[in-house]
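This briefing sets out selected features of one protein structure, grouped by topic. Please read it alongside the sequence and the coordinates displayed below.

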Amino acid sequence: MSTDEPDPTRITVDQFLPHPPAKVWRALTEPELIRRWMMPGSEDFQLRIGHRYAMTSVPRPNTNFSGTVDVEVLDYADGRMLSVRWTDRDPANAADWTITWTLEPEGRGTRLFLVHEGFDPDDPAQEMARKIMDGGWRSHVMRALGQVLGSY
């Protein structure tokens, strides 16, 4: 695989946000803000390693997604990094992903990096999930996050 080809096991997003890191961090970690840009259930988030909660969305049979994501907070560095694990509630779906958000100050704003990893490139359903989620993170989620950041 050449270095310019995407890694089939991960999604990487690099997004500049014209807001200071502390404000972006709040949007990533305060339940009343998270619920405005993430899936329902995200309002149960707590910034505590080991905390578990569930989020719901529309089931997607073409990716084997049941509609419920079980989430566990894996790690964080206050104001700089948050890492969570996502697994599908249905044990028949092999999805076991890590999503890591990293914030870096850039000028008067923040460079936000998202790494969503753990996709199995040999599983057609996970390959489809990766394609769908890659577009979703870049368009829907980043746009919704930007709208929330601009609203407070």
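A residue counts as buried when its relative accessible area is under 20%, and as exposed when that value is over 50%, with partly exposed in between. Trp-37 has a relative accessibility of 4%, and therefore counts as buried. The model discussed here is predicted.

**Aromatic pairs**

- Across the whole structure, the search identifies 5 aromatic pairs.
- One of these pairs is formed by Trp-37 and Trp-101, in an edge-to-face arrangement with 5.6 Å from centre to centre and 85 degrees between the planes.
- This pair connects distant parts of the chain, since Trp-37 belongs to the loop between α2 (31–34) and β2, while Trp-101 belongs to strand β5 (residues 96–106), 64 residues apart.
- Trp-101 has a relative accessibility of 4% and so counts as buried.
- Phe-45 and Tyr-53 form an edge-to-face pair, because their ring planes stand at 90 degrees, with the ring centres 6.0 Å apart.
- Both Phe-45 and Tyr-53 are buried.
- A cluster linked by ring pairs comprises Trp-37, Trp-86, Trp-101 and Trp-137.

**Strand pairing**

- Strands β2 (residues 52–56) and β3 (residues 68–77) are antiparallel partners, joined over 5 bridges.
- Within this part of the structure, Arg-52 has Glu-72 in β3 as its bridge partner.
- Strand β3 is also joined to strand β4 (residues 81–88), in the antiparallel sense, by 8 bridges.
- Ala-77 has Met-81 in β4 as its bridge partner.
- A hairpin is formed by β3 and β4, with 3 residues between the two strands.
- The turn of this hairpin contains Gly-79, whose phi is positive at about 80 degrees.

**Lys-23 and Tyr-152**

- Lys-23 is located in helix α1 (residues 21–29).
- The charged end of Lys-23 is placed over the ring of Tyr-152, at 4.8 Å from the ring centre.
- A polar atom of the Lys-23 side chain also lies 2.6 Å from the backbone oxygen of Tyr-152.
- Which side chain of opposite charge is nearest to Lys-23? That side chain is Glu-30, at a distance of 11 Å.
- Lys-23 is buried, yet no salt bridge is found for this residue.

- Gln-147 is situated in helix α3 (residues 124–150).
- The relative accessibility of Gln-147 is 54%, so this residue counts as exposed.
- In sequence, Gln-147 and Arg-36 are 111 residues apart, whereas in space their C-alpha atoms are 9.2 Å apart.

**Salt bridges**

- The structure has a count of 10 salt bridges.
- Among them is the bridge between Arg-10 and Asp-7, in which the closest N and O atoms are 3.8 Å apart.
- Arg-10 has a relative accessibility of 28% and therefore counts as partly exposed.
- Asp-7, with a relative accessible area of 30%, is likewise partly exposed.
- Another salt bridge joins the side chains of Asp-14 and Arg-111, at 2.8 Å from N to O.
- Because Asp-14 lies in strand β1 (residues 10–17) and Arg-111 lies in strand β6 (residues 109–117), this bridge ties together parts that are 97 residues apart in sequence.
- Asp-14 is partly exposed, with 43% relative accessible area.
- Lys-131 and Glu-127 also meet through their side chains in a salt bridge, with an N to O distance of 3.9 Å.
- Both Lys-131 and Glu-127 belong to helix α3, where they are 4 residues apart, or about one turn of the helix.
- Lys-131 has a relative accessibility of 53%, so this residue counts as exposed, whereas Glu-127 is partly exposed at 38% relative accessible area.

Technical notes. Residues numbered from 1 in each chain as written. Predicted model: local features only at pLDDT ≥ 70, side-chain atom pairs only at ≥ 80, totals over all residues. Heavy atoms only, no water. Pairing = 2+ DSSP bridges. Phe/Tyr/Trp six-rings, centres within 6.5 Å; stacked < 30°, edge-to-face > 60°. Buried < 20%, exposed > 50% of the residue type's maximum accessible area, 1.4 Å probe, protein only. Lys NZ or Arg CZ within 6 Å of the ring centre and 35° of its normal. Lys, Arg positive; Asp, Glu negative; His and termini not counted. Salt bridge = Lys/Arg side-chain N within 4 Å of Asp/Glu carboxyl O. Polar contact = N/O pair within 3.5 Å; in protein donor to acceptor, adjacent residues only side chain to side chain.
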